[in-house]
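Here are a few notes to read alongside the structure, for someone meeting it for the first time. Please keep the view open as you go through the points.

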Amino acid sequence: MMVCREFQRGACKRAECECRFAHPPEAVTASEDGTVTVCMDAVKGRCSRDPCRYFHPPLHLQAYIKAAQTRPTAL
């Protein structure tokens, strides 16, 4: 998942629940390409790691991730 560039600069004016990009906590490391790994356990409601090194997306992004998983892949 792409990290919000404005968030990285400390300038995102959207609330985390409104932005379509990740606003990861400090414990989550972004890769060089500006992405973070989503915690699929969190998406499934069963992550017990504290802190978790993966991104726990807010509900509006979880819906997007779940929808992307159910789409058929192109052959």
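1. The buried residues of helix 3 pack against helix 2 (40-43). They are L61, Q62 and I65, where buried means under 20% relative accessible area, exposed over 50% and partly exposed in between (1.4 Å probe, protein chains only). Helices here are DSSP runs (H or I, at least four residues), numbered from the N terminus.

2. Viewed down the axis of helix 3, the buried residues fall within an arc of 105 degrees, so they line one face of the helix; the arc is taken from the directions from the helix axis to the C-beta atoms. On the other side, L59, Y64 and T70 are exposed.

3. A word on the source: this is a predicted model, in which local features need pLDDT of at least 70, side-chain atom pairs count only at pLDDT 80 or more, and totals for chains, interfaces and linings use all residues. Residues are numbered from 1 along each chain as its sequence is written, and side-chain values use heavy atoms, with hydrogens and water left out.

4. How many salt bridges does the structure hold? There are three, each a side-chain nitrogen of Lys or Arg within 4 Å of a carboxyl oxygen of Asp or Glu. D41, R46 and R49 are linked in a network: the closest N and O atoms of R49 and D41 are 3.3 Å apart, and R46 meets D41 at 3.9 Å.

5. Elsewhere, R9 forms a salt bridge with E6 at 2.6 Å between the closest N and O atoms. R9 is exposed, at 58% relative accessible area, while E6 is partly exposed, at 32%.

Methods. Helix = DSSP H or I, 4+ residues; strand = E, 2+ residues; numbered from the N terminus. Contact = heavy atoms within 4.5 Å.
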